[in-house]
Amino acid sequence: SGKSRPMRILQYVQNTAVQGDANSVISAVDSYCANVEWAMNVGDKKGEILDAVVLDVRPRWVLELGTYCGYSTMRIARLLPPGARLITLEMNHHYAQVAKQILGHAGLDSQLSPSPPSVPHSSTQGEQPVGGATHSSHSRWCLQEALIYTTLHCLQLPLQLFSRTSQNPLATSAPKSQEETAERQTTMRNSTCKVDLLVGASSALIPQLKKKFDMDKFDLVFIDHWKTSYLPDTKLLEECDLLASGTVLLADNVTCPGAPEYLHYVRNSPRYKSLYFPSQLEYLRVEDGMEKSVFLG
Ligand code: SAM
Ligand code: MG
């Protein structure tokens with residue numbers, strides 16, 4: 001088996017998922033992570049909330065903070081209309097390379113930049129990701145992830161006893177007719193959406209986006225990187241004038257592990273209209289939820 005969890009997920013995808021079929025790759029990642037090893041993908045339950053928001057917003061420009069293996073990237077990309085652009089930011093080179101391969105298996109065209117160094121060991125230059133995501137921050141993340149992972153596994157049984165069945169998280173938004181949703185999904189499945197996977201720290205990359213992509217504003221931002229970066233990066237998006245009136249921010253894990261400063265901000269700022277969607281943490285019966293916040297300008 002592979003050397004890292006993302007590599008093992010990739011191998012499982014390559015061995016079991018239908019090439020060129022994003023839904024098959026998504027299911028493969030979900031079954032691996034539900035049955036073999038937990039991983040920090042948004043997962044199938046919250047993934048349905050993400051899907052519904054993407055279909056509702058019909059975004060032209062989408063930003064994702066935190067790619068990991070590309071699971072949520074695939075979920076978003078497969079639902080985008082032709083001509084839409086999805087930019088996803090990942091500070092970890094190894095994760096980004098795995099994500100590129102998983103997206104490739106799903107038949108999604110992605111561009112990884114900067115491309116990985118060709119001579120990784122003998123060269124002293126070119127290894128540092130754009131924006132200086134450092135080895136120590138990577139280690140810190142892995143440690144944090146391992147701690148969350150371990151804690152959740154220890155808590156899994158007792159928490160299952162207490163976790164309650166959450167109500168339909170989408171009950172507050174207008175229900176879409178099955179027909180309309182199915183029709184749009186089919187149209188979109190046949191389209192090719194270009195994914196740009198940028199390797200680097202969000203704080204360094206966000207200020208470069210307007211020029212780099214000759215773009216104006218994002219229609220949808222999926223926030224799912226380090227929880228303590230949710231608020232500073234949201235303020236950075238505001239400062240860089242990347243949010244329009246009507247832009248939707250969707251933040252994952254606002255209950256578990258939680259992003260209290262971010263929640264306090266979007267729920268109390270007059271510049272946002274914010275709504276909580278209760279759900280469960282990926283692959284576990286632990287309460288979690290997503291916060292959908294509409295920027296009002
Ligand atoms: N969105 C993914 C999904 O649902 O499939 C999961 C993303 S995972 C929870 C968070 C990822 O964010 C990690 O891969 C981590 O390396 C990356 N990350 C954390 N802080 C970051 C930052 N400031 N800039 C870019 N990437 C970051
Ligand atoms: Mg998440």
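Biologist: What are the conventions here?

Modeller: Residues are numbered from 1 along each chain as its sequence is written, and chains are lettered from A and ligands numbered from 1 in the order in which they are written. In this predicted model local features need pLDDT of at least 70, side-chain atom pairs count only at pLDDT 80 or more, totals for chains, interfaces and linings use all residues, and side-chain values use heavy atoms, with hydrogens and water left out.

Biologist: Why is strand E5 described as largely enclosed by the rest of the structure?

Modeller: Buried means under 20% relative accessible area, exposed over 50%, and partly exposed in between (1.4 Å probe, protein chains only). Strands are DSSP runs of E, at least two residues, and helices are runs of H or I, at least four, numbered from the N terminus. In E5 (residues 218–223), 5 of the 6 residues are buried, so the strand is largely enclosed.

Biologist: Which strands pair with E5?

Modeller: Pairing requires at least two DSSP bridges between two strands. Strand E1 (residues 61–65) runs parallel to E5, joined by 4 bridges; Glu64 has Phe222 as its bridge partner. Strand E6 (residues 243–251) is also parallel to E5, over 5 bridges, and Ile223 is partnered by Ala251.

Biologist: Which residues does Leu50 contact?

Modeller: Contact means heavy atoms within 4.5 Å. Beyond its neighbours within four places in sequence, Leu50 touches Val42, Ser72, Arg75, Ile76, Phe222, Leu250 and Met290.
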